[in-house]
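Subject: Structure handover

Hi,

Here is the structure I promised to pass on. My notes on cavities, a pocket, helix packing and backbone geometry follow below it.

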Amino acid sequence: MQFKRSDFPQGFLFGAATAAYQIEGHKFGGAGSTHWDTFAATPGNVVRAEDGALACDHYHRYEADLDLLKDAGMDAYRFSTSWARVMPDGKTVNPEGLDFYDRLTDAILERGLKPFQTLYHWELPSALADQGGWMNRDTVLRFGDYVDVITDKIGSRMASIATINEPWCVSFLSHFLGHHAPGLRDIRATARAMHHINLAHGEAMTRLRAKGMKNCGIVLNFEATQPADDSASSAKAADLQDAINNRWFIEGIAKGTYPQVVIDGFGQHMPAGWQDDMAQIGQPIDFLGVNYYTRGKVAHDADAPWPHTKSVTGTLDKTQMGWEIYPDGLHTTLTRMAKDYVGDLPIFVTENGMAWDDHIENGAVYDPERINFASDHILATKRAIADGANVQGFFYWSLLDNYEWAFGYEKRFGMIHVDFDTLQRTPKASYHALKSAIVRA
Ligand code: FCB
């Protein structure tokens, strides 16, 4: 790695991130079915129709996994608590689920790691999906009830609580592009989900504040959106995509408004009276989590329906996902967030990482591509701090190879290799490189 811990301000946190459904093994401990279980069981949605039933079996191996995190010299662990584990049918409490998160919290703290909780990383109980999931406003209140229950159990021990992971994926990717559960391609469903997921964030903030929780915020995903060429039509297409992907959520939260270009597109499909919710959505947060992976090049497509855009493949080196490697975009995103939206509010890079077709050879995984990727993005973060963004931590995605949603177990993002037959963990060269850069003497 081309950086050292001492290049960063005192107190800057290094960590790794995971999510419940992707690692735990959802068949254990009385967890309920989620919309990902049924999405995966539907032919054609997920590579090899794989699901998170076993995943990395973190449910039974969490102590050893946390030891690996600790041994890497990390300061913090970002994880999610599964709504469907805590409330299998979306409303009845599963004591076994609460006990698991209680033990996990203790195990994180015993190792001197700071727990960064995410309340919703897409673990929607199927019983609530049956009632329309995020299209249904009532899901927002059900989510608030779950926030109360899990917060009563572990909230006071958390260093940080994020309400929602990547609302764009929860709503646009899942209800308009159809790539994630529930796999819809419907503009009315999208408009509703785009608003209700923001409202769920606001509702969670209200519940957390009522319980005196501090360090509460949200995790948003950003891409570095750019026009594919110099034409005016591409500039307009890029602006619209930027509004949908990058501005809708942060503008709602930081300013209490939505970008007019998006309202122009699907405003008639928004739930009645949405304007009255903006104050709750726009209440103060304590930090912003930024997930960043790649850039997106966009052109106008006159033949396509709204938003009349198409993605154009760029020329930069790509990861196993086919995503261009563009560290400058992380710098641009962080400085833009500080300048245009959150000012001095603490920002954390809550996810950044890359998938690669890693293999074990002679008992080791050699992944120089990932070492360069992480190093370049951590250096981009350092430049953003120098340019005024109050970035206080960086979490690599992910600690372990895991269930990469529609890509099943095929795409490996981990700094630790997982053999999905034996479940054996093997730290990759990138793990050792990060450790050398951040471990305290
Ligand atoms: C993000 C998700 C995370 C993982 C990474 C690669 O969109 O938050 O769960 O899938 O992408």
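Let me start with the largest cavity: helix 2 (35-40) and helix 8 (167-175) each supply at least two residues of its lining. Helix 8 provides the largest share, three residues. Helices (H or I, at least four residues) and strands (E, at least two) are DSSP runs, numbered from the N terminus.

Before the rest, some ground rules. This is a predicted model, in which local features need pLDDT of at least 70 and side-chain atom pairs count only at pLDDT 80 or more, while totals for chains, interfaces and linings use all residues. Residues are numbered from 1 along each chain as its sequence is written, and side-chain values use heavy atoms, with hydrogens and water left out.

**Cavities**

The structure holds three cavities of 30 Å³ or more. The search ran on a 1 Å grid over the protein atoms alone: a cavity is a set of points where a 1.4 Å probe fits but cannot get out, a pocket is an open set with protein on both sides within 12 Å along at least five of seven lines, and lining residues have an atom within 4 Å of a point. Grid points are joined across faces, edges and corners, and a volume is the space filled by probe spheres set on the points.

The largest cavity contains about 40 Å³ of space. Its lining is made by His35, Trp36, Tyr120, Trp122, Cys169, Val170, Ser174, His180 and Ala181. Sorted by class, that is six nonpolar, three polar and no charged residues. For these classes, Ala, Val, Leu, Ile, Met, Phe, Trp, Tyr, Cys and Pro count as nonpolar, Asp, Glu, Lys and Arg as charged, and the others, Gly among them, as polar.

The second largest cavity also has about 40 Å³ of space. Around it sit Arg78, Phe116, Gln117, Thr118, Ser160, Ala162, Val219, Phe287 and Thr350. Strand 3 (114-120) and strand 4 (160-165) are the elements that give two or more residues to this lining, and strand 3 gives the most, with three. Here the classes are four nonpolar, four polar and one charged.

**The second largest pocket**

This pocket holds about 210 Å³ of space. Its lining residues are Ser233, Lys236, Ala237, Asp239, Leu240, Val261, Asp264, His300, Trp306, Pro307, His308 and Thr309. Two or more of them come from each of helix 10 and helix 11 (260-266), with helix 10 giving the most, five residues. The lining divides into five nonpolar, four polar and three charged residues.

**Helix packing**

Axes are lines fitted to C-alpha atoms, for helices over the stretch in contact, and angles run from 0 to 180 degrees between N-to-C directions. Angles under 35 degrees count as roughly parallel, over 145 as roughly antiparallel, 65 to 115 as roughly perpendicular and the rest as oblique.

Pro167, Trp168, Ser171 and Phe172 of helix 8 are in contact (heavy atoms within 4.5 Å) with Ile244, Asn245 and Phe249 of helix 10. This contact has five nonpolar, two polar and no charged residues.

Helix 3 (residues 58-71) and helix 5 (residues 95-110) pack at about 5°, with axes 10 Å apart, so helix 3 is roughly parallel to helix 5. From helix 3, His58, Tyr59, Tyr62, Glu63 and Leu66 meet Glu96, Phe100, Arg103, Leu104, Ala107 and Ile108 of helix 5. By class there are seven nonpolar, one polar and three charged residues in that contact.

**Backbone geometry**

Most residues other than glycine have a negative phi, and most peptide bonds are trans.

Trp122 is placed in the loop between strand 3 and helix 6 (126-129).

Happy browsing!
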